[in-house]
Amino acid sequence: MNDEDETSLFAQEVAGIKPLEKSEVYLGKKGPMVDFAARQKAALIAKEADRNHLSQDYVEKVEPNDVLEYKRSGVQDGVFKRLRQGKYGIEARLDLHRHTVAQAREHVYQFTDDCMRHDIRVAIIVHGKGDRTPDPDSQAMIKSHINKWLRELDAVMAFHSAQRHHGGLGAVYVLFKKTEKARLDDWEKHQKR
C-alpha cells in the first residue's frame with residue numbers, strides 16, 4: 001500500500017465525523033479536592049524517616065561464633081583494650097532479640113541518636129549469635145548487619161564483641177564519639193586542677 005492509498009483510506013474512515021462544538025475541554029477529575037497540606041505533611045514525615053542512612057542492601061556474612069571488632073583511627077590502643085575487656089561502665093543497652101533486620105536497622109539508628117543526645121560514651125547492643133536459625137544461610141543476619149551498620153555510623157568510634165558475662169559473641173560493646181558538650185566539660189574539669 002502506498003501513501004496515496006493510505007490517505008484515501010483515512011479520508012473514507014473519518015468522513016462522517018463532526019467537529020466538537022465546544023472550543024475548550026476540561027480534563028479535571030471528578031471527586032473531592034486534593035488536600036495539599038496533608039500531602040506536604042506526609043512528605044515531611046517520609047523525609048524524616050528517610051534520615052536513616054544505614055544500608056539495607058548487601059551485607060558480608062559473619063558466622064555466629066565470629067568476634068566483631070572495629071576501631072577508627074585515632075582511638076588509642078589502651079582505650080580499645082579496655083573496651084574489649086569490658087572495663088568501661090555500660091551506660092545504655094539495646095536488645096535486638098526477636099527483631100527483623102528492618103526493625104533492628106531502625107532501632108540501631110534511633111539508639112545511636114539517643115546515645116549522642118544524652119552524652120553516652122559506652123553502650124552495649126545485644127544482637128544474639130543467630131545460631132538457632134535452622135537455615136544456615138539465614139544464621140547471624142542481625143549480627144552481620146550490626147557489624148556493617150556500626151561502621152557506617154560516624155558517632156561510633158569502636159566496637160568489640162562483649163565479654164561472656166555481658167552476652168559474649170551475642171553482644172557488642174560500642175564506644176561513641178564524645179559530644180561537644182562532653183568535650184567542653186572535660187576541658188573545664190582539667191582547667192580547675
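Tutor: Asp 113, Asp 114 and Arg 117 are joined in a network of salt bridges, a salt bridge being a side-chain nitrogen of Lys or Arg within 4 Å of a carboxyl oxygen of Asp or Glu. The model is predicted: local features need pLDDT of at least 70, side-chain atom pairs count only at pLDDT 80 or more, and totals for chains, interfaces and linings use all residues. Residues are numbered from 1 along each chain as its sequence is written, and side-chain values use heavy atoms, with hydrogens and water left out.

Helices here are DSSP runs of H or I with at least four residues, strands are runs of E with at least two, and both are numbered from the N terminus. Arg 117 is exposed at 52% relative accessible area, whereas Asp 114 is partly exposed at 27%. In these terms, buried means under 20% relative accessible area, exposed over 50%, and partly exposed in between (1.4 Å probe, protein chains only).

The search of the whole structure finds seven salt bridges. One of them joins Asp 57 and Lys 148, at 3.4 Å from N to O. This pair links distant parts of the chain, 91 residues apart: Asp 57 lies in the loop between helix H2 (36-49) and strand S1 (69-71), and Lys 148 in helix H5 (residues 141-152). Asp 57 is exposed, with a relative accessible area of 53%, while Lys 148 is partly exposed at 21%.

A further salt bridge forms between Lys 129 and Asp 131, whose closest N and O atoms are 3.8 Å apart. Lys 129 is partly exposed at 29% relative accessibility, and Asp 131 is also partly exposed, at 38%.

Of its 193 residues, 31% are buried. Among contacts (heavy atoms within 4.5 Å) with a separation of 6 or more, 72% come from residues 24 or more positions apart.
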